[in-house]
Amino acid sequence: MKDYLLTTNDLTKRYGHQKAVDRVSVHIKKGAVYGLIGRNGAGKTTFLRMVAGLAKPTGGEIVLFGCRGKELENIRTRVGCLIEGPGLYPGMSALENLRTKCILLGIHKKGYEEELLSLVGLSHTGRKKAGRFSLGMRQRLGIALALVGEPDLLILDEPVNGLDPQGIVEVRETIQRLNQERNITILISSHILEELSKIATDYGIIDHGSLIQEISREELMERCSERIEIAMEHPERAIPVLDRMGFKRYQMADKEHIYIFERLEESAALNMELAKAGLPVRSIGVTSEELENYFIQLVGGEQNA
Amino acid sequence: MLSAVKMDLYRMCRTRSFWGVLIAMILFTVCSVAMTKMDTELPDTAQTQEAEDELFIGIGVTVEDTQENPLTAADEIYAHFSSKLPCIFICIFAVIFSVADFHTGFIKTIGGQVENRGYLVVSKGAALAVFTAIATVLGTAAILAASWVCFPGIRLGAGGELAVYLAVQFLQGTALAWIIMAFALLTKSSVVSVSVAVCLCMNIQTLFYGGLNRIAQRLAGDDFDITKYTVTGNIFYLPMDPAGSDLVRCILTAAVFMAAALAAGTAVVRRRDI
């Protein structure tokens with residue numbers, strides 16, 4: 001429990017009779033990049049808005065930096081957020097936008113705004129108005145705004161949405177730099193799994209307002225990596241054979257499947273050993289799973305994805 | 001909270017609407033003074049004075065320039081402020097400024113990080129009070145300058161009375177700006193809020209007040225007039241040399257409306273999800 005920077009317990013948000021977020025419990029470690037995956041309308045933004053203090057939960061609890069309930073008001077300045085696009089004054093320059101927030105938070109350090117602009121690669125923008133920025137520049141300025149006040153937790157809602165490939169790379173690099181150099185814990189939502197998989201250390205998969213699964217990067221990669229997949233009845237009976245052959249990295253996937261994550265070239269020999277042991281194999285082969293397929297399976301098939 | 005006030009003053013001075021509204025107000029005021037010059041040159045000017053004491057629908061700046069009562073700059077200032085011409089611009093800015101952070105989404109950047117979101121409403125109110133003060137000073141200066149150009153040799157008039165009058169009008173203007181701010185925050189609609197503001201400045205509400213007056217007069221006597229207990233009514237009815245009771249009534253009315261507007265605005269912003 002002490003390792004977690006943010007946990008939510010059965011966090012719920014209702015709008016009338018509709019539950020936008022339904023009893024979501026996440027566990028985010030300090031220093032993690034936690035990717036919240038879900039389709040459009042899955043409840044990601046509502047969840048993030050509650051964590052950021054922009055929306056009041058109708059049920060459940062948020063524990064942030066060990067604080068809960070009314071205590072949360074005292075630590076809100078430690079949370080920076082970029083939710084539903086960057087909120088910028090279009091008639092102001094990047095520096096003026098940043099200074100506006102600095103004044104509110106009582107930050108008067110000389111050169112502070114310039115330092116933030118440099119961090120997100122916008123130090124060259126000068127007096128150019130934010131309204132004339134490209135979408136990528138606006139997103140990066142939004143991140144810089146979220147960074148005012150040195151937050152320990154940064155909440156980013158779909159930060160690469162609508163960006164061109166160059167913009168995506170720039171935002172991704174910025175996020176990675178913040179996490180690695182400043183040790184900022186990052187909670188980031190996206191429906192672009194491929195992109196999220198490049199930066200997230202942990203994942204929460206959300207659908208129809210409910211958290212379906214929490215999984216670490218290692219676990220996810222294991223589930224999506226290449227493997228020998230054996231379909232047979234009573235796969236547990238194959239375990240002595242696998243042990244005898246020296247396989248160590250295997251997993252009982254379900255009642256009919258067993259996955260082996262090593263020595264993929266030995267699938268034929270394994271088939272023979274199982275046959276010798278009197279264990280009929282329905283199918284055996286080397287297979288892998290795309291991250292997106294894994295996600296689609298979790299949220300209930302392609303018709304829902 | 002002081003930081004929030006500083007932030008709003010900083011952003012107010014950097015918005016195009018701040019300068020745009022002030023410049024528009026000065027231009028309209030100068031044009032209006034020029035039009036009063038044309039009015040005074042018409043032969044039937046006196047007849048407009050008959051309706052002066054009645055609250056009418058629309059915006060009308062009427063002045064009198066006769067041999068017995070020669071026109072002064074103070075008369076021009078009184079005519080313009082009581083017509084609510086500067087108030088229209090103050091209200092338009094109040095709407096633009098109040099909902100700007102909601103429309104741009106900037107509120108999402110700061111809304112979670114302030115201890116009490118109600119402070120953001122108070123700070124808007126403070127910034128609008130500063131804007132009203134600037135508008136009052138610039139409006140007065142524009143009227144004075146235009147009067148000296150249009151009416152060569154015009155006298156200032158009652159300077160002491162004018163100062164008190166403008167101070168009370170500033171208070172009424174601030175109260176009206178806060179009411180419009182609360183309305184804009186409540187509805188989150190610039191169009192509706194500006195429409196309401198313009199209607200208030202053009203006295204459309206007198207139709208409603210008329211009905212209320214009839215009911216109130218049955219209960220409280222024939223002398224009761226509800227418009228004297230409204231901000232817009234007081235802006236119109238406040239005389240240049242108000243009696244002590246008039247001043248107290250105006251100040252109390254403004255204070256009550258300001259408190260109510262602030263309470264409504266803070267309650268909405270604190271409770272509503274961003």
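A:Gly204 touches A:Val26, A:Tyr34, A:Leu36, A:Leu211 and A:Glu214, leaving out residues up to four places away in sequence; two residues are in contact if their C-beta atoms, placed from the backbone, lie within 7 Å. This is a predicted model, in which local features need pLDDT of at least 70 and side-chain atom pairs count only at pLDDT 80 or more, while totals for chains, interfaces and linings use all residues. Residues are numbered from 1 along each chain as its sequence is written, and chains are lettered from A and ligands numbered from 1 in the order in which they are written.

**A:Gly204 and its strand**

- A:Gly204 belongs to strand β9 (residues 202–207) of chain A; helices (H or I, at least four residues) and strands (E, at least two) are DSSP runs, numbered from the N terminus.
- A:Gly204 is buried because 25 other C-beta atoms lie within 10 Å; the cut-offs are 20 or more for buried, 12 or fewer for exposed, and partly exposed in between, with C-beta atoms placed from the backbone.
- Its C-alpha atom is separated by 6.5 Å from that of A:Ile215, 11 residues apart along the chain.

**Strand pairing in chain A**

- Strand β11 (residues 227–232) and strand β14 (residues 281–287) of chain A pair in the antiparallel sense over 6 bridges; pairing requires that DSSP finds at least two bridges between two strands.
- A:Arg227 has A:Thr287 in β14(A) as its bridge partner.
- β11(A) also runs antiparallel to strand β13 (residues 257–260) of chain A, joined by 4 bridges.
- In β13(A), A:Tyr259 stands opposite A:Glu229.

**Chain B as a whole**

- Chain B has 12 helices and 0 strands.
- The radius of gyration of chain B is 20 Å, close to the 19 Å from the globule rule for 274 residues, so chain B is as compact as a globular protein of that length; the radius is taken over C-alpha atoms, and the rule is 2.2 Å times the number of residues to the power 0.38.
- Its C-alpha atoms fill a box of roughly 65 × 50 × 30 Å along the principal axes.
- Of the 274 residues of chain B, 43% count as buried.
- Among contacts in chain B with a separation of 6 or more, 82% join residues 24 or more positions apart.

**Nonpolar cores**

- In the largest nonpolar core, of 141 residues, A:Ile155, B:Cys91 and B:Ile180 touch the most other members; such a core is a set of buried Ala, Val, Leu, Ile, Met, Phe, Trp, Tyr and Cys residues joined through C-beta atoms within 7 Å.
- Helix α8 (residues 159–187) of chain B supplies the largest share of this core, 15 residues.
- Apart from this core lies another, of 8 residues, among them A:Ile228, A:Ile230, A:Ile258 and A:Leu270.

**Contact between the chains**

- 22 residues of chain B are in contact with 30 residues of chain A.
- α1(B) gives the most to the side of chain B that touches chain A, with 6 residues.
- That side has 7 nonpolar, 8 polar and 7 charged residues.

**Positive phi in chain B**

- B:Lys84, in the loop between α4 (73–82) and α5 (85–104) of chain B, has phi near 70°, a positive value in a residue other than glycine.
- B:Lys84 counts as buried, with 26 C-beta neighbours inside 10 Å.
- B:Lys188, in the loop between α8 and α9 (190–201) of chain B, has a positive phi of about 55° although it is not a glycine.
- B:Lys188 counts as partly exposed because it has 14 C-beta neighbours inside 10 Å.

Technical notes
Nonpolar A, V, L, I, M, F, W, Y, C, P; charged D, E, K, R; others polar.
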